[in-house]
Each structure stands twice: as C-alpha cells, then as structure tokens.
Amino acid sequence: MDGVVGTRPHLVWAVNIAAAILVILWTIPTFGLLVSSFRDRDQIAASGWWRAPLASEQTGFVRAGTAPDQVQEGDLWVISGTVLEGGQSLNAWGIRTREPSAYQPGVTVDLPEGRTLTVAADGAYRLTSPTAFTETRGMRIFVTTLTPPRFTTDNYVRVIGAEGLGQAFLNTFTVTIPATVIPILIAAFAAYALAWMEFPGRALLIAAVVGLLVVPLQLALIPLLKLHNDIGLGKGYMGIWLAHTGFGLPLAIYLLRNYMVGLPREIIESARVDGATEFQIFRRIILPLSFPALASFAIFQFLWVWNDLLVATVFLGNSSEQLVMTGVLRELMGSRGGDWEILAASAFLSISVPLVVFFAMQKYLVRGLLAGSVKGG
Amino acid sequence: MEQLGFAAGTIVAGVFTCVAWFWGSNIVLDAVYPPRGPKAGVNILRAGAIRPWLFLGPAILLLSVYLVYPVINSAWRSLHNSDGSEWVGLGNYFWLMQDTKFHESLFNNLLWLVTVPALATLFGLISAQITDRIKWGNTGKSLIFMPMAISFVGAGVIWKFIYDYRGEGLDQIGLLNAIVTAFGGTPQTWLVLPFWNSFFLMAVLIWIQTGFAMVILSAALRGIPEETIEAAILDGASPWQVFMKIKVPQIWGTIAVVWTTITITVLKVFDIVFVMTNGEWGTQVLANLMYNWMFRGAPDYGRGSAIAIVIMLLVTPIMIWNIRNARKESR
C-alpha cells in the first residue's frame, strides 16, 4: 500500500502533518485532564493547563510582621522578613490595592510618619520606622510573583480517601471480575453447540443471538429490577453480576461462534472418529484454540462493565458504600462541578485501569472488533 | 477486602457451577443413553439430540430472562398506567405524541442520528487512510483509538473541562474558550447555547467512536486488491481519485456496517447527556427522558416503558438488517 503517494515528497509531508493534527486533536482532551489532575486548586483556577509547564505569574499580598516582631537598630525600629515562598521570584510589588505592582524589586518607598519599606529582589522586605511599631495587624505588601511549574499528587491522595474513590475502586473490581469471567464460560459452551453440533432450530437460535445484540439495555431495567425484587435478589452484587452476564452473552456467543466456525473441520472430525466425547473435544481442542476470541471478548466485557454507569446505578443502589467509580464520578460532577482538581484526579483514576488494559491488550481488542463489528459499545 | 474475597468466591463458585453443570449433565446423559451395548446406535442418536441443549441451556435461560423477557414485559407495561395496575391501551403512546419533551428528545435523537455516525465514519475513514501510509501509523492509530477505552462518564468530565466557562475578562481555563478568546472572540457557555449545545455533546461521542470506525475501515482498506489501485494509478488517477473512486466504492459494505453500529450506539446514548447536561437546555434525548420517567421523582413505569419501546422500534430495522447479513454470511 506504500508508494501510491510515497513517491511524492510534498504529499508525504502533508500526510504526516495531517496525521499529527488528528492525533493531537484526539489526545489533547485526555492529556489536558491528566495535566490538571497534578495541579493544585489555585493553579487550575489561575491558568489553563497548557500553561502548567511555564512559570505562572500571580498577584496577591502578604502581611508584614507586627509589633512583637520588631527589633531596634540604632535609632530605627525594624521589621523584616520575606514576601516569597519557596521557589517563587518577585516581579514587582506595591503597597496599595489600586497599584499592586507599582514598584520594582529593590526600590525603597517612603511611607507616612517617616517610615520606609524596601522589598529586595530575593523577597526580603525591611520596614523601618523612627518610632516603635504598635500595630497588631501587619501592613499589606502586594506582590506579583513568578511561581515555577509545580506538580502535586495531593489530589489523588484526597480523592482516594476523602472522596470515596478508594472504596469505589474496590466496588468496581468486585462488579467487573465475575461479570467478565462467568459469561465467557457460559457463552463458550453455547457457541460450540451453535458452531459444531447439528440440531434443529440452530439457524433460528443464531439469528436470535444476532437480534439480541442490539436490544437497548434501557428496556431491561425496570422489568429486571422488579424481577430481582420478586425473587428476593434485591439490589446487590449478585443481581448486577447476573445482569451483566445476561447483557454480555449475545456478543460473547456471537464472537465465539464466529471464531469457532472457522476452526479446521478435520481436527474436530478426526477427534470424533477417535471416539472423543463432545465434552472432551470442547475442553481439549476448542477451548485452547479459541483463546484469541476468548481474550477479545474478555476485554470487551471488561471495558464495558468497568465503564458502565446505567446498569450499576439501577442494580447496585446509590449509597456511598455501593457506588462504582462511574457513579462516584457522576455524583462529584453534580456536587463539585467547579472543583476541577477533584474531578480531574477522580476521572483519571477511573479511566486508568481501562487504559492500561487497552494498551496492553489492544491486539485482541482490534481482532474482536473485526470479528464482530455488529455491536459497538 | 472482604468484598474482593466475596467476588473471588463468586468467581470460583460460578466457574465451578458452570463446569459441574456441563460436565455432570454430560455424564448423566451418557449414563442414561450409554453409547454401547445392544441399543448403542439408538442411544448415540438420542444423546446427540439432547446434548446441544445441555450446552446451550444456561445461555438460553439467561438470554430469555435478561433480554427476551424484559422486551415483552416492557411492551406490556407500556400499555398500563404508572404502576402497572390498570390497562390504558395506547394511552401512554398518545400522551407521548403530544408531550413537548418527547418531541424535543426525538428531534435531538434525530440530530444525533444524522450527525454522529456520519462524522465518526468520515473521521474514521480519513484517519484510517492517513495512518496506513506513515511510519508511525500504528502509534497514531493507538492514540486515536484510545477514547474507546474511556467511559462515557469519564469522557463527560474530560469534555466538560474543555467547555469550561469563566466570565469575560478572566483567564479562560477551558480549552475551547481559551482558543476563542485568543482569536478575539467572546467566551461562551457552550453547553447552554440553544440548539448548538447538542452538537457539543455529540462531539464527545464522535471523539469516542472515530477510533472504532478507523480500526474497521483500516482493515477493509488493506483488504482491497492491489491490482485495482495499481491499474488506476497507471491510468493516471490522482491519489484523491484513487481514494474516492477506487477504494471507497470497494468498502461500501464495511462503511455500512460501521455506520449502523454507531447508529445503534447513538440511539441508546444516555450517559453523556446524563452527566453533562442531564437533558437540560434543550439537549434531552430519548434514553435520558426514559430514565427520568422511570427513576426520578414519582416514577411512571408506563410512560417510561413506552419510551423504551420507542427506542426498541427505532433499533429494530437495524436488527433485521443485521440478521439478514449474518445469515447471508453463514451461507
């Protein structure tokens, strides 16, 4: 496939640039949130995340020391200290709200009553007076500072503990793992029967499975919730495992059957001739050979269950011990809509596991998509 | 931790039960119809007729309870009043027809239906074509494909941050408003903007689905026979002509599959609207409207089910098309 435009250098460039633009467009939203999750609240509010690697300029004020801090030097009373915190540098300073950056560092300013104030470039200030200070509240020094880029993991610590993401992480795992493993087993047997056993009604069943692939989940919520309540299952893990198993089965059966049909007939026939039972054929031949398809479905189901919000909200309940990560994230979006440091860290925590699975097992995911491109999410 | 133990226990119990069923039922079957002795032939035939159903049993049971039964039950509920105690015939559907919120949802769903599959497929096709012919194409593909792994809720957070709004004159921290103000525009509250806000929600789904379209279309593009392309180039076709007139017509079938698959996703779209606007400011869609009727305030299962059935009816043509395609392939 190379060589069609590959022979023309300017086209190669155009293609490369177009690809780069697409990739940047598609990754930048996630990247922005990732960067933000490592910035603290003030930084997020003060500047866009794309400025994170740059030093940020901030204007604020610090209070000078008060009467107890003064020392006498000759006939002057002096209060000294620094206006900067670690790593910052001073751009300008001032003494009035109106002109917070009136003076350059190093300048000495005369204040009323013979007092003077000097703020040096390293942030050290020196307030002098011919008479003793009596203030109990320090005067305000306005400073425009340059803060170097700074990243923190505090947000993560906070959301895992206080915001309940840690518990939700456990809950999500508890929901996801059985809901991924159990449908695979059930579907594998069914798929084998549909692929390699002759019986009346087979074509009809296959058609039914294809049809069920697209049934909207929304339909199932109320009837199943009522059913679970009637049979005493109520809201809980057992219910959600069963629900996810049921909802995942059509895709599982469809994917696995498509794959199993493609396995070489001779192997299965000769095993039958050798007197192997169907169960033996399934366990010794079909199951090991179908590993790629099993892996594909496992990834689909894992991503789907992990990312699901609707089924979890309906079948698991909404108390804080029961919420899965998507549920917590949704609650946070409602209650802490503007606290981006919380939202960013929480969102990243919740998508981290799927992303790891995605990048590690992409090969199988693509293969599964190509095999069963009927259902997509 | 206790909870993970419970989950691990369930996996073990579940796996054990499954294996016990499949293995045990086969042993019972062989005991009842032993494949030896005087009636071996008849027995093998009989066992062969029963065995598929043993293999299929659990799957059929689960599918019936969790997918078939709800469809029937919802249809039944949609013909009854709010708690299912009284038959109202088509009352709920008549009510839907004159409900303005339903009109709004239907209209928005149609907008989504027109926009999202088209753009996702288009971007997918473009990125498939582009990434197939550069050295770092696979890395590029991975990155464009990545949003597939992100939940709709996570994507909601990611995009809400992009659409974030600060008052005029303040430093914009949302990327979109920052770009707009950098070019001298006024910042907007994108998610509240009448009519257009739906499109800002659609962007999220397009962003997620493009990777899916790309992966499938890329495989289809690679499957095109080389000769057709070479012949076209020898005849002096430009790369653009090769793409539009030689390649695209040969992958129409795949484009249709991608298109319909995304269409199904769009019809069921819920989470994105649910977490980003909750259907306010004119962005309501059917699935979220249904959720509102079923779980908010005083639930009305009749009306909620009626909306669910409407979604089901919208999906049905695609379902039939899929079944016909699948049968054609298996022949």
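Glu104(B) and Lys101(B) sit three residues apart in helix α4 (residues 100-131) of chain B, so about one helical turn separates them; helices here are DSSP runs of H or I with at least four residues, numbered from the N terminus. Their side chains meet in a salt bridge, 3.3 Å from N to O. That term means a side-chain nitrogen of Lys or Arg within 4 Å of a carboxyl oxygen of Asp or Glu. Glu104(B) is partly exposed at 21% relative accessibility, and Lys101(B) is partly exposed at 33% (buried is under 20%, exposed over 50%, partly exposed in between, with a 1.4 Å probe and protein chains only).

This is a predicted model, where local features need pLDDT of at least 70 and side-chain atom pairs count only at pLDDT 80 or more, while totals for chains, interfaces and linings use all residues. Residues are numbered from 1 along each chain as its sequence is written, chains are lettered from A in the order in which they are written, and side-chain values use heavy atoms, leaving out hydrogens and water.

Still in chain B, Arg222(B) forms a salt bridge with Asp132(B), with the closest N and O atoms 3.2 Å apart. This one links distant parts of the chain, 90 residues apart: helix α8 and the loop between α4 and α5.

Now hop to chain A. Glu269(A) and Arg272(A) pair up at 4.0 Å, N to O, and shared partners join Arg265(A), Glu269(A) and Arg272(A) into one network.

Finally, look where the chains meet. Leu205(A), Val209(A) and Leu212(A) in α5(A) touch residues of α2(B), including Trp53(B) and Leu56(B) (contact means heavy atoms within 4.5 Å).

Terms used
Helices (H or I, at least four residues) and strands (E, at least two) are DSSP runs, numbered from the N terminus.
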